[in-house]
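User: Could you walk me through how to read the main features of this model? I would like the general idea first and then the case at hand.

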Amino acid sequence: MAAEAAERHLELLREEREAELDQSRAWQESVPLKELQRRGVCLLNLHAASQRTGLYGRLLVTFQPRKHSPDAELPSNSFGPGDITGLYDTGSQGDPLCTGIVTRVTPRAVTVAFEDSQDTLSLDHERSYRLLKLANDVTYNRLKKALNALKQYRGGPASDLIDVLFFSAEPRAFSETKPLQLYNTSLDASQREAVSFSLAQRELAIIHGPPGTGKTTTLVEIILQAVQQGLKVLCCAPSNVAVDNLVERLAGHSVRILRLGHPARLLEPIQRHCLDAVLARGDAAQIVADIRKDIDQACASSFPRHHLLDTLHQQGPC
């Protein structure tokens, strides 16, 4: 049953993705660039005001309008942190020079993080560029990978959970559970019951309630109790903000937290828990930091000094 459902969802996922790509192609091929800019999904006539390494080794490039006034502002747009964008030469058609993720948008500038190094992506301060918001294929690729794994899954540790989710078996509970010593003693009776119930289930527990009833607070307690029992916990949510909220609440307790995801999509206080930050605190981090500093100093000489200083002043420390 699970394999059949996975195959059906794969077909629907492919159709949804093709429709999204067709719409994106239609925009690029039939809609004038000025109209795309008016709709807020494209920024024209930009120049690379500065570039530096940051955000744990990624190339950060700040783009500003190519106008004589230093106070020139970007047109009204829908760009925001976490958006995937393509970088194009102003006069070119076809595929982008590269793609990146928006990290910061101000009225006068937009900063994009590229995986390409400064050697690979050589931007000329005198040239004009444009940015175009692209369809996000990260979610599609993850869903496709998960559905393919589900379709081929046989006899592993997740078999019992899969059987319950697809109604091939009834959920089960442990016959005995240990008394709980709560971390949060202010939980009300319904929250305490939810914590005890969830920890007693072998495969699946659902906590349901309207907004503001303390579901996240209850989840934090469940996670802390599970960790105290020696379990490893993987937390997922429909949005980055929801996961960041969990991390922020767990950070006050003595538990090891590793936040997965692109740093550009995380709230700033949470970035110290991301994988890139953990690696940056490793033994070789200082050597890497010195190398990046040398790269930035070398590249800074290729940009007009006043542009570089203005941009760094706007952005603050990396």
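This is a predicted model: local features need pLDDT of at least 70, side-chain atom pairs count only at pLDDT 80 or more; totals for chains, interfaces and linings use all residues.

User: In which sense do E1 and E2 pair, parallel or antiparallel, and over how many bridges?

Analyst: Strands of a sheet pair through backbone hydrogen bonds, and the pairing can be parallel or antiparallel. Here E1 and strand E2 (residues 58–65) are antiparallel, with eight bridges between them. One place to look is His47, which stands opposite Gln64 in E2. The two strands form a hairpin with three residues between them, and Leu55 in the turn has a positive phi of about 50°.

User: What does E1 do with E6, and which residue is the bridge partner of Cys42?

Analyst: E1 and strand E6 (residues 129–133) run antiparallel and are joined by three bridges. Cys42 has Leu132 in E6 as its bridge partner.

User: Which strands make up the closed barrel, and in what order?

Analyst: The barrel has six strands in the order E1-E2-E5-E4-E3-E6, with antiparallel pairing. On average, neighbouring strands of this sheet are turned by 45° against each other, direction ignored.

User: Is E1 largely enclosed or largely open, and how many of its residues are buried?

Analyst: In a regular strand the side chains alternate between the two faces of the sheet. As for E1 (residues 42–54), eleven of its 13 residues are buried, so the strand is largely enclosed by the rest of the structure. Asn45 lies in this strand, and at 37% relative accessibility Asn45 counts as partly exposed. The phi of Asn45 is near 55°, a positive value in a residue other than glycine.

User: Where is Phe167, and is it buried or exposed?

Analyst: Phe167 sits in the loop between helix H4 (159–165) and helix H5 (189–200). Phe167 is exposed, with a relative accessible area of 76%. Phe167 also has a positive phi, about 65°, although it is not a glycine.

User: Now the helices: at what angle do the axes of H1 and H3 cross?

Analyst: The axes of helix H1 (residues 2–30) and helix H3 (residues 138–152) cross at roughly 160° and come within 8 Å. That makes H1 roughly antiparallel to H3. The crossing is left-handed. Residues making the contact include Leu10, Leu13 and Arg17 of H1 and Tyr140, Leu143 and Leu147 of H3. The residues of this contact divide into nine nonpolar, two polar and five charged.

Definitions and conventions:
Residues are numbered from 1 along each chain as its sequence is written. Side-chain values use heavy atoms; hydrogens and water are left out. Axes are lines fitted to C-alpha atoms, for helices over the stretch in contact, and angles run from 0 to 180 degrees between N-to-C directions. Helices (H or I, at least four residues) and strands (E, at least two) are DSSP runs, numbered from the N terminus. Angles under 35 degrees count as roughly parallel, over 145 as roughly antiparallel, 65 to 115 as roughly perpendicular and the rest as oblique. A crossing is left-handed if the near helix is turned anticlockwise from the far one by less than a right angle, and right-handed if clockwise. Contact means heavy atoms within 4.5 Å. Ala, Val, Leu, Ile, Met, Phe, Trp, Tyr, Cys and Pro count as nonpolar, Asp, Glu, Lys and Arg as charged, and the others, Gly among them, as polar. Buried means under 20% relative accessible area, exposed over 50%, partly exposed in between (1.4 Å probe, protein chains only). Two strands pair if DSSP finds at least two bridges between them.
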